[in-house]
Amino acid sequence: ERFTADGNTLNLVPLCKGPTLPCRLHMVCFLVVLFYSKDGTFFVFTMPYRMANGNNTYSQLIKELVPLETKTQNASLGETRMPPNTSKTLGPCPDTPPNLLGPLHVEFNSNRTLDYVRKEVGSILQEGGRYKPPDCIAQQKVAIIVAFRNRHEHLKHWLYYLHPILVRQQLDYRVYIINQDGEGVFNRAKLMNTGYVEALKEYDYECFVFSDIDLVPMNDRNLYRCFDNPRHLAVAMDKFNFHLPYNGYFGGVSSLSKDQYLKINGFPNSFWGWGGEDDDIYNRILNRGMSISRPDSVTGKYRMIKHERDLHNEPNPNNPGKLSQTRWTMDKDGINSLKYSVKDIVRDRLYTFITVDIEAPSITW
Ligand SMILES: [Mn+2]
């Protein structure tokens, strides 16, 4: 991102807070649908968030549904004695996931503890923030990689919104939170590179979505997948008045297939502090003859969680000047020159949290 605009002008208008009439009507409709559905767990995840806010019904339903689902699964396994390799009989998931909701209500005013989020969205996940569609083979295996430090407050909101969206998108995915150890200067792109390597150590991912922790999509048709060209997903952020700040903007959320990522030698490791690394990635992509794929500006709407600038992530005045050099630096600065060490890996129900030492300098500008 360039050094001009950083106005945090957020406009948070809750659509439906409390037991207003439209909320109740929605709830009645939802209950009717629920009682006629065979696969209850799934329908919980199709519920728009405007209904989930401000009442207990959501968690009550999930509590009632989960034991039911486990019981039926166990029963059928016991009776039929299926071999463990049942996935071969499943067909591919459809190109367009059938249960997307479109525009979503997103707000960050509600208090959400991690325990609350685990209860609300964790029951359908496997340990480590993993999900795989039970009834079809996902189109892509996707590692969701988030660069992180000291943003636990954002993490809760992000997980609360993202997991149900990714589930509805029928991805075979896992969420990796890559936490920069120590108090050195932050380096978003190097953390993303680290996440790429760590993710590939445990699964054969074919697609990588790189996201900031403070960006939540406002439309679940914005697919967290890979496309024919590297994809920029965060095209209409509220912080930029739902527009691209400039044409070559590639910040916030993006996706690259393994091939696309390797073609550009991954991301730069040398952009310490805030700004510029996404522009370098953009340059890399163009230098390798690829173009940028984007959703339209309605599908690509995002809400950013309002925040102060982080400590030890000041704008680095050296970064903009480096952008004219990408063509010459990209072959030696990237995934082929990445050095880091893993300090700790924690597997929560909602995420895989990897703390890494990326040899950060302690310079301030
Ligand atoms: Mn931000």
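**View 1. P217 stands opposite Y302 in strand β9 of this predicted model.** A second pair joins the two strands here: the bridge partner of V216 in β9 is R303. Strand β5 and strand β9, which spans residues 301-304, run antiparallel to one another and are paired over three bridges. Strands of a sheet pair through backbone hydrogen bonds, in either a parallel or an antiparallel sense.

View 2. The pairing between β7 and β9 is parallel and runs over two bridges.

**View 3. Three strands form an open sheet in the order β5-β9-β7.** The pairing within this sheet is mixed. Its edge strands are β5, residues 215-217, and β7, residues 236-237, each of which pairs on one side only. β9 pairs with β5 in the antiparallel sense and with β7 in the parallel sense.

**View 4. G122 lies in the loop between α5 and β1.** Helix α5 covers residues 114-121, and strand β1 covers residues 130-131. Is G122 buried or exposed? G122 counts as buried because it has 20 C-beta neighbours inside 10 Å.

**View 5. G122 touches R349 and L350, leaving aside residues up to four places away in sequence.** Y351 is 229 residues from G122 along the chain, yet the C-alpha atoms of these two residues are separated by 9.8 Å.

Methods:
Residues are numbered from 1 along each chain as its sequence is written. This is a predicted model: local features need pLDDT of at least 70, side-chain atom pairs count only at pLDDT 80 or more; totals for chains, interfaces and linings use all residues. Two strands pair if DSSP finds at least two bridges between them. Helices (H or I, at least four residues) and strands (E, at least two) are DSSP runs, numbered from the N terminus. A residue is buried if 20 or more other C-beta atoms lie within 10 Å of its own, exposed if 12 or fewer, and partly exposed in between; C-beta atoms are placed from the backbone. Two residues are in contact if their C-beta atoms, placed from the backbone, lie within 7 Å.
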